[in-house]
Amino acid sequence: SAEGAAKATALVEKALAAMGGKEKLAAIKDTVSTGKLVLSMPQGKMEADSTEEVLYPDRYKMVLKLPMGLITQSYNAGGAWMSQGAMVQDMPPNMASEVAKGIPSANGGVGLLLAASNGKAEVQSIDATTVLWKAPEFEATLGFDAATGRLVKITMKGMGMGGPAEMQTEFSDFAASEGLTLPAKETILENGNPAGVRTISDRKVNAGVRAEGFAKPAK
């Protein structure tokens with residue numbers, strides 16, 4: 001309904017303001033976020049160093065340094081690849097689209113909010129703090145904090161460690177830097193069960209990330 005869309009848009013605009021304002025967020029060209037990722041595996045917890053690179057609007061890379069070596073997943077303007085050690089391979093289209101979701105979801109969901117504000121995604125109010133977000137590529141449910149207006153939860157269908165699942169990311173530990181207020185902690189749930197926690201110790205904005213860094217390595 002028009003009323004539901006208006007309520008949802010108001011929540012989106014409030015969240016953008018809480019993160020530093022639409023103008024500053026729209027000026028983000030790239031980010032590099034480093035920190036620790038603790039995965040909840042069936043055999044126990046596994047810790048990794050993580051580096052996430054985003055080059056808006058269509059490039060994303062996550063590098064995990066695990067005890068068994070490096071694992072990289074990269075989306076490069078339409079296609080995706082992954083590597084583990086010396087092995088490098090293209091990802092099938094369905095998995096490429098999953099990696100691509102990392103672009104609008106990164107940095108506390110900045111891309112999701114901007115897409116809604118710019119009319120590139122539809123939004124409808126579910127209740128006072130929850131919004132249905134829908135674009136041609138996928139849809140998600142966004143949860144906002146009633147007091148601060150911040151986006152604190154993203155829920156969507158995706159691929160978990162055990163296959164298709166409802167994936168939820170909760171944002172917390174918001175920190176202000178250079179006029180932006182972004183989350184430093186991401187708690188990941190798979191079908192409601194703990195799947196991982198990523199703690200960001202450093203985030204560089206507009207660091208000059210280059211497109212060629214997302215290309216599949218030559219054999």
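Author: Helices H3 and H4 are roughly parallel to each other, because their angle falls under the cut-off of 35 degrees. Helices here are DSSP runs (H or I, at least four residues) and strands are E runs of at least two, numbered from the N terminus. This is a predicted model, in which local features need pLDDT of at least 70, side-chain atom pairs count only at pLDDT 80 or more, and totals for chains, interfaces and linings use all residues. Residues are numbered from 1 along each chain as its sequence is written, and side-chain values use heavy atoms, with hydrogens and water left out.

Reader: At what angle do the axes of H3 and H4 cross?

Author: Two packed helices are described by the angle and the distance between their axes. The axes of H3 (residues 93-100) and H4 cross at roughly 25° and come within 6 Å. Axes are lines fitted to C-alpha atoms, for helices over the stretch in contact, with angles from 0 to 180 degrees between N-to-C directions.

Reader: Which residues make the contact?

Author: Contact means heavy atoms within 4.5 Å. H3 contributes Glu-98, Val-99 and Ala-100, and H4 contributes Gly-102, Ile-103 and Pro-104.

Reader: Is Gly-102 buried or exposed?

Author: Buried means under 20% relative accessible area, exposed over 50%, and partly exposed in between (1.4 Å probe, protein chains only). Gly-102 has 16% relative accessibility and therefore counts as buried. Gly-102 lies in helix H4, and its C-alpha atom is separated by 13 Å from that of Thr-72, 30 residues apart along the chain.

Definitions and conventions
Angles under 35 degrees count as roughly parallel, over 145 as roughly antiparallel, 65 to 115 as roughly perpendicular and the rest as oblique.
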